[in-house]
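Have a look at the structure below before reading on. The notes after it are meant for someone seeing it for the first time.

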Amino acid sequence: MALRQFNVEGVRLVCEDVGAGPPIVLLHGFPLDHTMWNAQIAELQTHFRVIAPDLRGFGASQLSDADAENGVGMERYAADVIALLDWLQVSEPVVLAGLSMGGYVAWQSVLRWPDRIRGLIPCDTRAAADADEPRAARFKMAEAAMQAGNSSPALAMIPKLLGAETREQRPEVEVKLRAMIERQSAEAVAAAQRGMARREDVRGKLDTIAAHSLCIVGVEDVISPPAEMHEIAVLLAKSGDDDVALVEIEHSGHMTTMENPAAVTAAIAAFAKKCYQL
Ligand code: MLT
């Protein structure tokens with residue numbers, strides 16, 4: 001697969017950019033990189049141009065010194081996504097999917113640059129901000145990662161990221177996920193946790209999103225459970241003028257793209273075809 005590099009204010013960012021056709025942008029979750037979308041990238045590129053960045057700090061993308069010190073807000077990651085589209089000369093509105101933290105970034109992208117997004121796919125994500133306890137846990141993990149000098153404190157998330165069925169019956173998914181977490185840096189983990197800790201509660205703004213929307217959620221997701229994703233779909237539908245659909249993914253927890261890749265790919269492809277009237 002072809003990785004491309006670009007610069008935002010001196011920071012090197014990297015993305016996958018494959019296929020030809022109308023663009024689909026895929027934003028990864030925490031503490032991961034664009035390869036969590038590999039199965040979707042491989043299939044979707046036959047009909048679409050698929051653009052999948054490593055958000056700053058993750059995968060092969062860099063962090064600035066200021067990011068490492070202050071954390072990276074969801075607005076910063078979103079500004080990078082728009083800078084990426086500008087650099088790739090993608091001026092038409094795109095279909096944008098974001099899983100979990102990628103979803104937090106997708107909210108900021110569509111709320112700040114509504115004209116750049118034709119279709120939105122919030123995938124296993126949340127619109128609410130953190131309560132006090134999980135927020136404090138984020139700062140703790142940030143400190144633990146910096147002390148360890150690696151991403152190992154984030155490995156404790158694995159039992160929550162994967163559904164019980166996946167863990168029992170498809171251990172190779174866990175092996176892949178673990179390796180992906182292990183190759184992220186302490187700085188990326190800390191910066192994203194600090195950024196997520198101060199992210200905005202966007203629930204009150206969802207009714208302003210005019211893009212078509214497709215919510216995707218694993219039936220066993222305990223981080224952004226189906227009931228919470230249903231509430232998001234209801235809030236999105238309040239904008240009134242566009243379709244909102246919700247697809248529940250069987251045999252999957254939070255990491256739907258890896259746990260039931262074919263079902264996620266099919267849902268994204270059907271939605272994108274509808275958005276682009278193909
Ligand atoms: C993710 O999958 O991106 C994380 O679970 C997001 C979070 O920690 O809120």
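Predicted model: local features only at pLDDT ≥ 70, side-chain atom pairs only at ≥ 80, totals over all residues.

Residues are numbered from 1 along each chain as its sequence is written, and side-chain values use heavy atoms, with hydrogens and water left out.

**Around the ligand**

- Tyr104 has a polar side-chain atom 2.5 Å from an oxygen atom of the ligand, and Arg138 has one 2.7 Å from a ligand oxygen.
- With Met101, it is a backbone N or O atom that lies 2.9 Å from an oxygen atom of the ligand.
- On its own, the ligand has 260 Å² of accessible area, and the protein covers 94% of that (areas come from the Shrake-Rupley method with a 1.4 Å probe; for residues, only the protein chains shown count as cover).

- Arg138 sits in helix 5, residues 132–148 (helices are DSSP runs of H or I with at least four residues, strands are runs of E with at least two, and both are numbered from the N terminus).
- Arg138 counts as buried because its relative accessible area is 13% (buried means under 20%, exposed over 50%, partly exposed in between, with a 1.4 Å probe and protein chains only).
- The side chains of Arg138 and Asp130 are joined by a polar contact of 2.6 Å (a pair of N or O atoms within 3.5 Å; within protein, one must be able to donate a hydrogen and the other to accept it, and residues adjacent in sequence count only if both atoms are side-chain atoms).
- Another polar contact, of 2.7 Å, links the side chains of Arg138 and Gln193.
- Gln193 belongs to helix 9, residues 186–197, and is buried too, with a relative accessible area of 4%.
- Setting aside neighbours within four places in sequence, Gln193 is in contact (heavy atoms within 4.5 Å) with Phe30, Arg138, Met141 and Ala142.

**Helix 4**

- Ten of the twelve residues of helix 4 are buried, so the rest of the structure largely encloses this helix.
- Among those buried residues are Met101, Tyr104, Trp107 and Gln108.

**Helix 10**

- Which residues of helix 10 are buried? They are Pro226, Glu228, Met229, Ile232, Ala233 and Leu236.
- An α-helix has 3.6 residues a turn, so residues three or four places apart point the same way.
- Exposed residues Ala227, Glu231 and Val234 are on the face of helix 10 turned away from the buried side.
- The cover over the buried residues of helix 10 includes helix 4 (101–112), strand 6 (117–123), strand 7 (212–218) and strand 8 (244–249).

**Ala52**

- Ala52 lies in strand 4, residues 49–54, and is buried, with a relative accessible area of 0%.
- Not counting residues up to four places away in sequence, Ala52 touches Cys15, Glu16, Leu26, His34 and Ile41.
- From C-alpha to C-alpha, Ala52 and Val81 are 9.6 Å apart in space, and they are 29 residues apart in sequence.
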